[in-house]
Amino acid sequence: HSTRAPVDAWIKWRDAPGDIRCVRHPTIGYHDGDIVRTLQSWDAPNGFNFSWKDCAKYCGMEKECEFWTLERSGGQQCLLKKNKGDYHEVFDVDSDYREGNYHMDCIFQTNFVQELRFWERFVAFWMARFHKEDRIIMSYEGFTGQDTGADASVKLADFLRKGESGLDVVKTEQVPCVWEKVVNYRKASNPVMEASNPVMEASNPVMEASNPVMEASNAVMEAN
């Protein structure tokens, strides 16, 4: 068992385009293909001209579309195509094209869709590299919830304790108290802040009168 992870490999895979986000090709030429649908410039959402994201969105909504080509000059048409053929390079930047493949994310193009794809890749990446006994998945809500946070923290502590990294993890019975102090401390009902809590009781060495921090003889606490 090991808690070490191939972080560099994950970062490289995470940043790869494709099923995470709606993207266009970096080229400025175009591919041959059978035209499924031709959209004129006045069909654009603004009634004037298409952005590449607009053209990609229409491709995403078209059943037969496999890729799209957007003319940047002339009629400025958005061409929805299938059966991709030869590529034609263009060297005149004033008469170039934008292209991209069909992808369902292009229909919505929202941060939510992109984050959902990101999370899907994230989980798939780590699950493919670690046995179920060597990985743990926790939700933010579960970790911070009033009714679930302490138990989730115990689960995390137990997982870290069996690793090979040499982490010094507190005892299981102390974990809920740590969770209350570190995660749940802002809530008014926090037991750590209640007078009846052992942490705050007079019998606690931190709060005892004999504690040098609290003694009357302490220079910080003296009236003089």
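Tutor: Arg-37 and Glu-62 form a salt bridge, with 3.7 Å between their closest N and O atoms; the term denotes a side-chain nitrogen of Lys or Arg within 4 Å of a carboxyl oxygen of Asp or Glu. This pair links distant parts of the chain, 25 residues apart: Arg-37 belongs to strand β2 (residues 34-39), and Glu-62 to the loop between α2 (52-61) and β3 (67-71). Helices (H or I, at least four residues) and strands (E, at least two) are DSSP runs, numbered from the N terminus. Arg-37 is partly exposed, at a relative accessible area of 36%; buried means under 20%, exposed over 50%, and partly exposed in between (1.4 Å probe, protein chains only).

The model is predicted, so local features need pLDDT of at least 70 and side-chain atom pairs count only at pLDDT 80 or more, whereas totals for chains, interfaces and linings use all residues. Residues are numbered from 1 along each chain as its sequence is written, and side-chain values use heavy atoms, with hydrogens and water left out.

The structure holds five salt bridges. Another of them joins Arg-161 to Asp-158, at 2.7 Å from N to O. Both residues lie in helix α6 (residues 149-161), three residues apart, and are therefore separated by about one helical turn. Arg-161 is partly exposed at 34%, as is Asp-158 at 33%. Elsewhere, salt bridges with shared partners connect Arg-72, Asp-96 and Arg-98 into one network.
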